[in-house]
Amino acid sequence: MQPAKTTVLLAEGAGAMRQALASQLESVGFGQVLQAKDGLRALQILRSEPVQVVVADMDMQVHNGLEVLEAMRAEPRLAGVPFILMSSGLDRTSAAKAIQLGISDLLVKPFTVRRLLERMQRVLTREIAQPAAPDDGNADRATLLVVDDTPDNLQLMAGLFRERFKVKVAQSGEKALSICQSDAPPDVILLDVMMPGMDGFEVARRLREHHASECTPIIFVTAVTDEAARHKGLSLGAIDYVFKPIDPDLLRLRVSNLMVYVEHRKQLQKDFDLLRENAQLRSEVQQLRADLLRIQGTTTAT
């Protein structure tokens with residue numbers, strides 16, 4: 001099926017993120033991208049509009065992604081519509097239920113647009129599931145982005161981590177956003193607060209509104225030491241708040257601890273892919289057995 005002839009239903013509770021993702025899907029040529037802010041609205045659209053594929057977040061109001069999928073599979077007209085579930089923290093029990101309900105694919109957040117498009121194409125063309133290739137920037141070592149407007153600070157912090165991680169640097173908030181929202185986003189971000197133009201707080205706010213960076217761990221590294229600033233940084237989704245001048249050993253430890261979370265998220269995606277692929281193989285084997293029994297029955301009757 002060609003994207004230009006494909007209508008996508010995008011169900012995502014976060015308005016800014018939904019708009020950004022819808023815009024990107026439209027920019028690559030999908031015919032129409034319908035939007036739903038919650039599970040109830042998603043079902044209303046599905047029951048009134050022809051939709052070729054659904055991309056839905058797990059955590060939505062009224063009905064979550066799994067409940068929307070379950071309702072679809074119970075309605076004959078919607079039972080065969082491909083369904084891609086997005087989630088930042090799906091447990092194995094819920095993943096197994098999604099697979100049992102016939103989910104087409106599952107994406108662990110954050111993910112790149114390229115990864116989403118690859119999986120949508122596979123779903124729409126009914127290709128056999130293959131192990132997913134890693135995103136650029138994640139193939140070998142994890143990637144760390146250091147954001148600071150002072151070259152000396154960039155050099156100092158980048159030097160602490162170059163032996164263990166891939167390190168990218170940005171001297172402005174605009175450059176940091178460009179890197180984080182590309183097809184090769186970082187795994188962890190060290191972010192200065194006081195920068196000319198776009199400060200670190202605004203960078204963090206915008207990162208949380210984009211699917212490629214909404215769950216990326218952020219550590220603020222700043223000379224702003226008042227409690228109000230620290231509270232603001234944490235309220236914007238930062239994992240930690242480190243004061244300058246930095247303690248190199250302590251900063252290394254904090255980044256290393258966050259990378260454990262990063263590796264866990266990547267492993268979740270691999271585990272979910274394997275669960276889905278195994279379920280698909282079992283389904284194909286069962287279908288082959290049924291076909292063989294039918295053929296044998298026809299031969300015997302003859």
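Student: Which pieces make a right-handed β-α-β unit with strand 10?

Tutor: Strand 9, helix 9 (residues 227–235) and strand 10 make that unit. Helices (H or I, at least four residues) and strands (E, at least two) are DSSP runs, numbered from the N terminus. A crossover is right-handed if, with the strands pointing away from you, the path from the first strand over the helix to the second runs clockwise.

Student: What should I know about the model before I go on?

Tutor: This is a predicted model, where local features need pLDDT of at least 70 and side-chain atom pairs need 80 or more, while totals for chains, interfaces and linings use all residues. Residues are numbered from 1 along each chain as its sequence is written, and side-chain values use heavy atoms, without hydrogens or water.

Student: How many helices and strands does the protein have?

Tutor: There are ten helices and ten strands.

Student: In which sense do strand 9 and strand 10 pair?

Tutor: Two strands pair if DSSP finds at least two bridges between them. Strand 9 (residues 218–222) and strand 10 (residues 240–243) have four bridges and pair in the parallel sense. To find one of them, look at Ile219, whose bridge partner in strand 10 is Asp240.

Student: What about strand 8: how many bridges join it to strand 9?

Tutor: Three bridges join these two strands, which run parallel. Leu191 stands opposite Phe220 in strand 9. Follow the chain from strand 8 through helix 8 to strand 9, and you trace another β-α-β crossover, which is right-handed. Strand 8 also pairs with strand 6 (residues 143–147), in the parallel sense over four bridges; there, Leu144 has Val188 as its bridge partner.

Student: Are the residues of strand 8 buried or exposed?

Tutor: Buried means under 20% relative accessible area, exposed over 50%, and partly exposed in between (1.4 Å probe, protein chains only). Both faces of strand 8 (residues 188–191) are covered. Val188 and Leu190 are buried on one side, and Ile189 and Leu191 are buried on the other. Across the protein, buried residues make up 47% of the 302 residues.

Student: How many salt bridges does the count come to?

Tutor: A salt bridge is a side-chain nitrogen of Lys or Arg within 4 Å of a carboxyl oxygen of Asp or Glu. The count comes to 16 salt bridges. One of them joins the side chains of Glu12 and Lys109, at 3.1 Å from N to O. Those two residues are 97 apart in the chain: Glu12 sits in the loop between strand 1 (7–11) and helix 1 (15–27), and Lys109 in the loop between strand 5 (105–108) and helix 5 (113–124). Glu12 and Lys109 are both buried. A network of salt bridges links Glu12, Asp57, Lys109 and Glu214.

Student: Where are Asp192 and Lys244, which meet in a salt bridge?

Tutor: The side chains of Asp192 and Lys244 meet at 3.4 Å, N to O. Asp192 lies in the loop between strand 8 and helix 8, while Lys244 lies in the loop between strand 10 and helix 10 (248–301), 52 residues apart. Asp192 counts as buried because its relative accessibility is 4%. Lys244 counts as partly exposed because its value is 22%.

Student: Which side chain of opposite charge is nearest to Arg208?

Tutor: Lys and Arg count as positive and Asp and Glu as negative; His and the chain ends are not counted. For Arg208, which is buried yet has no salt bridge, the nearest such side chain is Glu214, 7.8 Å away. Arg208 is in the loop between helix 8 (200–207) and strand 9.

Student: What does the side chain of Arg208 reach?

Tutor: Look for polar contacts: pairs of N or O atoms within 3.5 Å, where, within protein, one must be able to donate a hydrogen and the other to accept it, and residues adjacent in sequence count only if both atoms are side-chain atoms. The Arg208 side chain reaches the backbone oxygen of Glu214 at 3.2 Å and that of Thr216 at 2.8 Å. Contact means heavy atoms within 4.5 Å. Leaving out residues up to four places away in sequence, Arg208 touches several residues, including Met17, Cys215, Pro217 and Leu236.

Student: Where is Arg164 found?

Tutor: Arg164 is in the loop between helix 6 (151–161) and strand 7 (166–170). At 49% relative accessibility, Arg164 counts as partly exposed. The Arg164 side chain makes a polar contact with the side chain of Ser256, at 2.6 Å.
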